[in-house]
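Please keep the sequence and the model in view while reading.

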Amino acid sequence: MSTMMTASEVHKQYTEVAAAFRKLIPDPALRLSFSRQVDGYVRGYALGVWQADSASSISPRHVEFYNAIWTPGNPVPSALYWEVASGVANFDLFQPPAFFQDLRQYDRLRGTALARRFADDLTLLLLLFAAVDGVVSESEAGFVNACNDVLLELCDKDGLRADRPAIRADQFSAPRPSQPAPAVKEEKVPAKQEKDTPPAEPEPTLEELLAELDGLCGLDRVKKDVKSLINLVKVRKLREEAGLPVPPMSLHLVFMGNPGTGKTTVARLLAKIYHAVGVLSKGQLVEVDRSGLVAGFVGQTALKTQEAVQKAIGGVLFIDEAYALVNAESANDFGHEAIEVVLKNMEDHRKDLIVIVAGYTDRMEQFIHANPGLESRFNKYFFFEDYDGKQLMEIFRSMCKKNGYTLSEAGEQFMEKDLQELYEERDENFGNARDVRNLFEQAVARQADRVSQLEVPTKEQLMELLPEDLEEKEV
């Protein structure tokens, strides 16, 4: 049960098993009852199997497998992600199908073994659906065995004897691939290979991450807010350890500000900080915008959004220009579906997923108020102010230093004046650090054109940026 199957292969196997069992039923009325009911019951049991596998989240493959459970003559399901995820979450207890009682009654009268044969076939089918992710986990096998036990106990109560041992699901289960495999003592890694293999880099400490945050240009207000948030998290953990009550708190954030103000950089640092203080298990940042969540067809947006969320579990999902998900002109816009999927995952994975939404200040306020679920989950706002002229100059100097360039004295004066004017004359298209990067890259290109004309340029000439390199040429 470790081979990954396609939905069409699953459908083929399911219909073959159902058809084979149907042929075993001599009574026409019982055969019709089975044919009409079997798909619905098996689809429900598949939801129970997936609920049992707490280590796996619902994926597009689960939806495909669910929609593959139908037999000819019965309606073909077209469930969306939302329906399958809700069905898994709401599955309660295994209940034998209504026709199972008729099977047992027929067996008592005719001496057949239809009921026990159905129990075996159902076990095989449920194992088929458990392998949606390529492996049958121990928890899934336990659920399948429990279902089988319920059916066989009813057979035993009716005095229906077994003509062969029942199929047990744990024969097909396996530990998850993420579990460490036993070490092989005989295989010793050669000394050369040990030397060539670089050691894993140690994860940065909280102090190192906070120092990196402090090293960012400007953002004084954001830095203060981040440190206050971290203090709150640390004290909450201490209160938990001391057995004191801890009020509910949302760690999801809203970043408001213009482009180029460091929102993505701070989000990436926050993901690592949350990991360092034990809030997140991994600390990665997954950055998306509307195009990374919304598809053009009904039902596809939920799958696309779920894929993005799956990558972010254990870390931070950073949704840039999140306001683009809300279309005020159309309540049926697919962006609303993406928001609902994100909200559900925020609840399902509230202990190991942080969502940060970002965008222009005025538009983000409209976005948060567009959905009650957003208002209740996002109550912490970080405001990223525009960089002033001095800060823009500091960013330009850091780009020069990082890339091996220097500014002449005249070049320094020119850029200070130019960036101050850029700040003072800024409009809605002002890009902050992005504008600085564009100016730097243009200056490097102009300097290359100039230096390439020199016969034997010195190292200093290769590095130096002059006013003529920094000044934008009129076309």
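Two strands are taken to pair if DSSP finds at least two bridges between them, and helices (H or I, at least four residues) and strands (E, at least two) are DSSP runs numbered from the N terminus. This is a predicted model, in which local features need pLDDT of at least 70 and side-chain atom pairs count only at pLDDT 80 or more, whereas totals for chains, interfaces and linings use all residues. Residues are numbered from 1 along each chain as its sequence is written, and side-chain values use heavy atoms, with hydrogens and water left out.

**The sheet**

Five strands form an open, parallel sheet in the order β2-β3-β4-β1-β5. Because β2 (285-288) and β5 (381-384) stand at the edges with a single partner strand each, one side of each has no neighbour in the sheet. Neighbouring strands are turned by 20 degrees against each other on average, direction ignored; axes are lines fitted to C-alpha atoms, for helices over the stretch in contact (heavy atoms within 4.5 Å), and angles run from 0 to 180 degrees between N-to-C directions.

| Strand pair | Bridges | Facing residues |
|---|---|---|
| β3 and β4 | five | Val316 and Ile354 |
| β1 and β4 | four | Phe255 and Ala358 |
| β1 and β5 | four | Gly257 and Phe384 |

Helix α14 (residues 361-368) lies across β1 (253-257), β4 and β5, and runs at about 150 degrees to β1.

**Helix α1**

In α1, the residues Ala7, Val10, His11, Tyr14, Thr15, Ala18 and Phe21 are buried. They cover an arc of only 135 degrees around the axis, judged by the directions from the helix axis to the C-beta atoms, which puts them on the same side of α1. These buried residues pack against α2 (28-52), α3 (60-67), α5 (98-110) and α6 (114-130), whereas the face turned away from the buried side carries the exposed residues Ser8 and Lys23.

**Cysteines**

With a disulfide taken as a pair of cysteine sulfur atoms within 2.5 Å, the count comes to zero. Cys147 counts as buried at 2% relative accessibility, and Cys217 is buried with a relative accessible area of 11%.

How values were computed:
Buried means under 20% relative accessible area, exposed over 50%, partly exposed in between (1.4 Å probe, protein chains only).
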